[in-house]
Amino acid sequence: MMDEKSLEVVDKKTGELSHRKQFNPEQVALLKRTIAVDHTDDELQLFLAFCNSKGLDPFSREVYSIKRKGKLTFQMGIDGLRGKAESTGEYDGTETFWCNETGQWVDVWTAPEPPYAAKVLAHRKGCSTPFVGIAKWSEY
């Protein structure tokens, strides 16, 4: 099992120490048993280094370590993306919409079956148009 690790991360803009995150042995063991079950110790250590370098907390669903076809990848969760956006001071909220197979978008999904797709509009202060993301339910 890995030893307790900590990393210091220097903010590129200010030159100041921005994060110092330590994962104690109990947290590392919990990650290995739950979130990173199929990871080797080296892969888990790499994931923790990534979390530290980005200031992300895997216990708060901000980031995930996923193996796809045997290859390790790190994926920020919506909670991590929102947190990072909020930390900039430029985040101005989001709007979420759902649609059925006819393409009609609504702001509340009330049907018992899953929606066909979801759309999120992310607003940034000073921008006249939002950033748009669309995902089909079948992709997940």
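1. The model is predicted: local features need pLDDT of at least 70, side-chain atom pairs count only at pLDDT 80 or more, and totals for chains, interfaces and linings use all residues. Residues are numbered from 1 along each chain as its sequence is written, and side-chain values use heavy atoms, with hydrogens and water left out.

2. The chain has 3 helices and 8 strands. Helices (H or I, at least four residues) and strands (E, at least two) are DSSP runs, numbered from the N terminus. Their order along the sequence is β-β-α-α-β-β-α-β-β-β-β.

3. Of the 140 residues, 21% are buried. Buried means under 20% relative accessible area, exposed over 50%, and partly exposed in between (1.4 Å probe, protein chains only).

4. Look at lysine 119 in strand β7, residues 117-124. Lysine 119 is buried but has no salt bridge. A salt bridge puts a side-chain nitrogen of Lys or Arg within 4 Å of a carboxyl oxygen of Asp or Glu. Glutamate 95, the nearest side chain of opposite charge, is 9.2 Å away. Lys and Arg count as positive, Asp and Glu as negative; His and the chain ends are not counted.

5. Which residues does lysine 119 touch, not counting those up to four places away in sequence? They are Glu95, Thr96, Phe97, Trp105, Val132, Gly133 and Ile134. Contact means heavy atoms within 4.5 Å.

6. Phenylalanine 59 sits in the loop between α2 (41-54) and β3 (63-68). Phenylalanine 59 is partly exposed, with a relative accessible area of 30%.
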